[in-house]
Amino acid sequence: MSITLHPLFTQLLMPPRRAVIFALKGVISMALALLVAMVLQLDRPYWALVSAVFLQIRPESGLVIEKALCQIFGSVVGGSVGILILAFFMPYPLVALACLTLWIGLNSAASSMVHNTNFIYAYAMSGMTAGLVVVLVIANPNAVDSRAVFEIAQSRISEISVGALCAMLVSQLLWPVTVRASLRHHARDAINRTLEYLSLELDPQSTHEQRHKHADEILETLVVLNDDSSAVAFEGPEGPGRSRAAHLLCNKVMSLLAVTQIMGRFPRNHAELVSPAFSKLLADMRTHFRKIADANSFEESYLQAQALRRSLLEHRANYQNESAIVVRLTQTAAELVADLVMVLKAYNALENSDQALLKASKFRTHRDPLIGAVNGFRTALVFVIGAVVWLTTGSPAAIMMMIMPVVFSVMFARFSLAVLTVMLRRLLVGVVVAIPVALFFGLGLLSRSSGDFEMLVLVLAGPYFVGLLALADRPTLPYGLGFCVPFTLIVQPSNNMTFNADIAASNALGLLVGISILYWVFKLITPPDSQLLQWRLLKATARDLTTVDEHDSPENWLNGRMGERLLRLANYDQGSGNPSRIMTDLGFTGLNIGHMSIRLRKRLKNHRTPLVNDKLAHWQQVLADTYLMSARGVMNPEFRQASAELLAAIHTAREPDAQTATIEGMFERIALTFERTVKTWRAEQPERRNKE
């Protein structure tokens with residue numbers, strides 16, 4: 001009989017070398033932060049420790065620098081807002097708390113509009129620092145003048161900045177681990193998964209589930225790669241070049257996904273239109289994709305991609321009386337290979353820092369004001385509950401219940417409810433473990449010591465090392481965070497420790513109750529129904545389709561907009577448990593037809609007349625309308641009519657040629673896509689109603 005250990009026990013009992021190094025660096029960072037804060041005689045040195053703890057999440061050097069800058073910037077903004085609130089409303093505590101609640105809610109809502117974790121920390125620090133300044137001034141009747149307010153704000157900013165700067169220094173000097181290595185790993189993973197996906201899409205024997213599984217994994221990897229790309233810019237003079245390479249790789253992989261979907265759906269859904277010559281071309285492409293995936297170097301992969309390009313030219317040269325749509329798809333296959341070559345070049349630039357690559361758009365976070373409003377309200381409610389308890393009881397421990405849950409609320413708000421529930425439970429477990437360790441081990445030993453810095457480090461290093469081991473691995477991260485931060489706030493190491501058991505127990509209770517309130521608020525107040533959010537994502541995609549011609553680099557712009565949007569659609573579909581994944585398919589359809597419309601404009605470069613421009617604008621609007629209608633299971637008859645009018649205008653501008661034949665094939669391909677989407681949606685509805 002085999003026994004499977006929980007990930008936490010595996011991490012603590014059999015930690016990998018990487019986790020041990022990260023934990024050791026974290027302990028040194030925190031010891032240095034505490035030493036500097038105590039030497040500078042800062043009011044509450046333990047906030048420097050809290051700041052250093054947060055920087056141990058993803059401790060690669062570039063990420064630590066970016067996170068430290070975000071923490072400092074957020075603290076300065078939050079401290080300034082706290083001073084501003086008190087400047088106007090110090091005589092009116094309730095009004096000051098109301099303004100603070102609004103500020104915290106706005107920070108939480110704004111954090112929902114970004115995806116980069118480090119930028120989210122900036123909002124968390126902004127809310128926390130403003131809360132500390134306002135609440136500590138209100139709690140202290142003696143701090144009634146502007147000088148006292150400024151000193152409190154300066155102390156909070158200084159403490160957080162000291163922790164951030166010390167963690168950044170240790171990250172650079174001791175066993176530095178770079179984001180560059182992580183980027184290369186994710187890029188290689190994304191390319192391999194993409195090549196596997198390309199083969200699956202063109203394989204008639206592949207299943208719908210297999211294709212979606214690979215697409216989901218690619219999107220997740222691309223979003224991680226995109227998020228880390230901003231931090232690599234801090235890693236030396238070659239960093240910005242690697243950042244551009246990562247953006248280009250993400251962008252071109254999105255183009256590959258769009259083009260491959262076009263190539264794969266056609267033979268699966270319209271087998272009667274597939275000629276023997278085109279079937280042979282698809283089989284040849286699958287063979288070359290496997291060869292590229294098996295290559296051991298960039299040079300070998302590049303040679304295989306060039307061989308595939310030559311093979312496609314030979315296939316096209318041997319065509320006889322092929323339909324317009326087959327001719328168009330053969331050209332699409334050539335465009336696919338061109339994008340694949342750019343992906344390989346971008347990966348080579350990550351390895352060798354090639355500065356010659358063109359710029360590409362970074363993925364843009366999908367900003368849904370509805371989600372922001374819900375997250376802002378939840379965080380504000382958590383703070384209000386703590387404030388009511390504080391105003392009612394007057395207990396200093398209630399301050400912990402007000403402040404720390406706000407930080408965790410902002411940090412975790414972007415996660416789905418299923419993931420969030422698990423994370424908050426593990427966070428609570430960490431808090432529960434931290435309380436007795438802090439009360440009986442930390443304070444128990446320190447109360448019998450001299451209380452100097454050496455004894456503080458000697459006693460606290462062990463618990464912090466264990467907590468940081470958990471923090472070093474993603475599955476156990478909430479345990480480590482739930483342990484390290486409450487442990488610090490209960491022990492409160494500083495120059496003049498009082499070792500008051502009543503105060504420590506009261507702070508522990510405040511933290512436990514605060515995190516429990518956070519858990520139940522997030523359980524009871526959930527974002528809107530996933531179907532509504534998915535529909536809002538599709539409507540945003542339709543809006544992009546109408547404005548795609550307004551941008552200098554429309555393909556890069558569309559890819560940047562669709563990356564995270566597709567991942568959200570996939571996550572919602574996974575959460576619903578619906579095997580058809582129809583909403584994800586609709587998202588990919590939006591990406592496909594967006595790319596088709598962009599390529600159409602390139603082919604119309606020599607056919608532009610005022611009439612063609614007018615018909616093209618009308619066609620683009622009809623395209624977006626038809627996309628939304630097909631997402632509801634309704635076929636829009638105006639699309640074929642608008643396509644015919646645009647084609648007639650093109651023929652008026654210039655005699656029909658091979659280019660216009662390709663354009664005609666594009667119109668037919670898009671029309672078939674909409675018809676297939678309507679058919680799939682209608683077939684899906686009886687199954688949904690039966691489940692409901």
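1. Helices here are DSSP runs of H or I with at least four residues, strands are runs of E with at least two, and both are numbered from the N terminus. This is a predicted model: local features need pLDDT of at least 70, side-chain atom pairs count only at pLDDT 80 or more, and totals for chains, interfaces and linings use all residues. Residues are numbered from 1 along each chain as its sequence is written, and side-chain values use heavy atoms, with hydrogens and water left out.

2. Cavities come next. A cavity is a set of points, on a 1 Å grid over the protein atoms alone, where a 1.4 Å probe fits but cannot get out; lining residues have an atom within 4 Å of a point. Grid points are joined across faces, edges and corners, and a volume is the space filled by probe spheres set on the points. The count is six cavities of 30 Å³ or more.

3. The largest cavity holds about 90 Å³ of space. Its lining consists of Val27, Met30, Ala31, Leu34, Leu49, Leu456, Val457, Leu460, Ala461 and Tyr464. Two helices, α2 (17-39) and α17 (453-471), each supply at least two of the lining residues. The biggest contributor is α17, with five residues.

4. Gln261, Ile262, Arg265, Asn592, Ile593, Met596, Arg669, Ile670 and Thr673 line it. The elements giving two or more residues to this lining are α10 (239-269), α22 (582-603) and α25 (658-691). Its lining divides into four nonpolar, three polar and two charged residues.

5. Now the charged pairs. A salt bridge is a side-chain nitrogen of Lys or Arg within 4 Å of a carboxyl oxygen of Asp or Glu. The structure holds 20 salt bridges. One of them joins the side chains of Asp43 and Arg44, at 2.8 Å from N to O. Arg44 is at 24% relative accessibility, so it counts as partly exposed. The classes are buried under 20% relative accessible area, exposed over 50%, and partly exposed in between (1.4 Å probe, protein chains only).

6. Glu217 pairs with Arg193, with the closest N and O atoms 2.5 Å apart. Arg193 counts as partly exposed because its relative accessibility is 23%.

7. Glu217 also forms a salt bridge with Lys213, at 2.8 Å between the closest N and O atoms. Both residues lie in helix α9, four residues apart, about one turn of the helix. Lys213 has a relative accessible area of 47%, so it is partly exposed. Elsewhere, salt bridges that share partners join Lys252, Glu335, Asp339, Glu555, Arg599 and Lys602 into one network.

8. Is Leu420 buried or exposed? With a relative accessible area of 2%, Leu420 is buried. Leu420 lies in helix α16 (residues 417-446). Its contacts (heavy atoms within 4.5 Å) are Phe412, Phe415 and Phe522, not counting residues up to four places away in sequence. The C-alpha atoms of Leu420 and His186 are separated by 24 Å, the two residues being 234 apart along the chain.

Key
1 Å grid on protein atoms, 1.4 Å probe; cavity = no way out; pocket = protein on both sides within 12 Å on 5 of 7 lines; lining within 4 Å. Nonpolar A, V, L, I, M, F, W, Y, C, P; charged D, E, K, R; others polar.
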